[in-house]
Amino acid sequence: MIDIVVNYRTADEPLAALLIDQALTKRIGERVFRDYRTIGPGQRYPGTIWTAIQECRILVAVIGNRWLDVDPHGERRIDDPSDYVRREIAEALRRRVRVVPILVGDATLPVAEDLPEDLRDLPLHQYRTLRIRGIEQEVERVADELVALLDGPPDTEPTPPAAGRPGAAPAQSTVTNNFHDRVDASHGVFGVVVNRGE
């Protein structure tokens with residue numbers, strides 16, 4: 001049974017993905033999926049990947065500065081419908097799996113307008129960062145948070161109050177980050193979609 005899938009682009013941050021995979025595997029063993037480690041020689045990888053996406057409770061999307069880079073033909077890989085990075089995230093979003101973007105170094109989360117239609121929801125998910133300096137400690141911290149999520153209740157996404165409905169509370173412009181007790185105007189609980197009442 002797979003609980004966490006590590007999604008990454010090999011031309012972007014494979015080392016960060018490896019470190020995250022190692023830290024998670026140390027904690028929960030083979031309940032972590034990362035393609036090169038999990039898929040055996042000669043095994044048909046498409047079916048293995050989609051089974052993992054169907055089983056998992058969390059998908060970790062590792063994003064570095066080259067995540068949106070172009071291929072040798074000058075086309076962005078993320079715009080290719082057959083791109084596995086895109087397809088895995090899109091399927092997780094469709095299945096309402098908790099998607100946690102992990103931003104490596106000084107990478108930033110792409111805005112919706114820069115993403116294909118099936119990934120437009122990604123920027124609404126709370127992210128974590130991995131600073132290059134001290135990355136081993138950063139990875140351990142993030143791994144602890146991810147594993148703690150597995151012990152929590154299943155995700156539920158609240159329905160916002162209808163605009164103008166009698167007794168409806170005003171939409172909140174900020175949300176509290178439950179992991180660090182801070183107010184974050186852009187994101188909410190770790191990996192959970194933020195609904196700003198829009």
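How many aromatic pairs does the count come to? The count comes to two, and both are described below. The model is predicted, with a chain average pLDDT of 84. Five strands form an open parallel sheet, and the ring pairs link Y45, W50 and Y84 into a cluster.

**Aromatic cluster**

- The rings of Y45 and Y84 lie with their centres 5.8 Å apart and their planes at 65°. The pair is edge-to-face because planes over 60 degrees apart are classed that way.
- Y45 belongs to helix α3 and Y84 to helix α4, so this pair links distant parts of the chain, 39 residues apart.
- Y45 has a relative accessible area of 44% and is partly exposed.
- Y84 has a relative accessibility of 23% and also counts as partly exposed, since the limit for a buried residue is under 20%.
- W50 and Y84 make a stacked aromatic pair, with 5.9 Å from centre to centre and 20° between the planes.
- This pair, too, links distant parts of the chain, as W50 is in helix α3 and Y84 in helix α4, 34 residues apart.
- R87 is placed over the face of Y84, at 5.0 Å from the ring centre.

**Sheet order and pairing**

- The strand order in the open sheet is β2-β1-β3-β4-β5, with parallel pairing.
- The edge positions are taken by β2 and β5 (128-130); each has a single partner strand, so one side of each has no neighbour in the sheet.
- β3 and β4 run parallel and are joined by six bridges. I63 has L103 in β4 as its bridge partner.
- β4 (residues 98-104) pairs with β5 in the parallel sense over three bridges. Here L103 stands opposite T129 in β5.

**Burial in strand β4**

- Seven of the seven residues of β4 are buried, and the strand is mostly covered.
- R98, V100, I102 and V104 point one way from β4, while V99, P101 and L103 point the other way. The residues of both sets are all buried.
- In a regular strand, side chains alternate between the two faces of the sheet.

**Helices against the sheet**

- Helix α1 (residues 14-28) lies across β1, β2, β3, β4 and β5. The helix runs at about 170° to β1.
- Within helix α3 (residues 45-55), the buried residues are T48, I49, W50, A52 and I53.

**Confidence**

- A pLDDT of at least 70 is reached by 77% of the residues.
- Over residues 165-189, pLDDT stays under 50, and the model has 45 contacts beyond four places in sequence for this stretch.
- Over residues 194-198, pLDDT again stays under 50, and the model has 12 contacts beyond four places in sequence for that stretch.

How values were computed: Residues numbered from 1 in each chain as written. Predicted model: local features only at pLDDT ≥ 70, side-chain atom pairs only at ≥ 80, totals over all residues. Heavy atoms only, no water. Buried < 20%, exposed > 50% of the residue type's maximum accessible area, 1.4 Å probe, protein only. Helix = DSSP H or I, 4+ residues; strand = E, 2+ residues; numbered from the N terminus. Pairing = 2+ DSSP bridges. Contact = heavy atoms within 4.5 Å. Axes fitted to C-alpha atoms, helices over the stretch in contact; angles between N-to-C directions. Phe/Tyr/Trp six-rings, centres within 6.5 Å; stacked < 30°, edge-to-face > 60°. Lys NZ or Arg CZ within 6 Å of the ring centre and 35° of its normal. pLDDT = per-residue confidence, 0-100.
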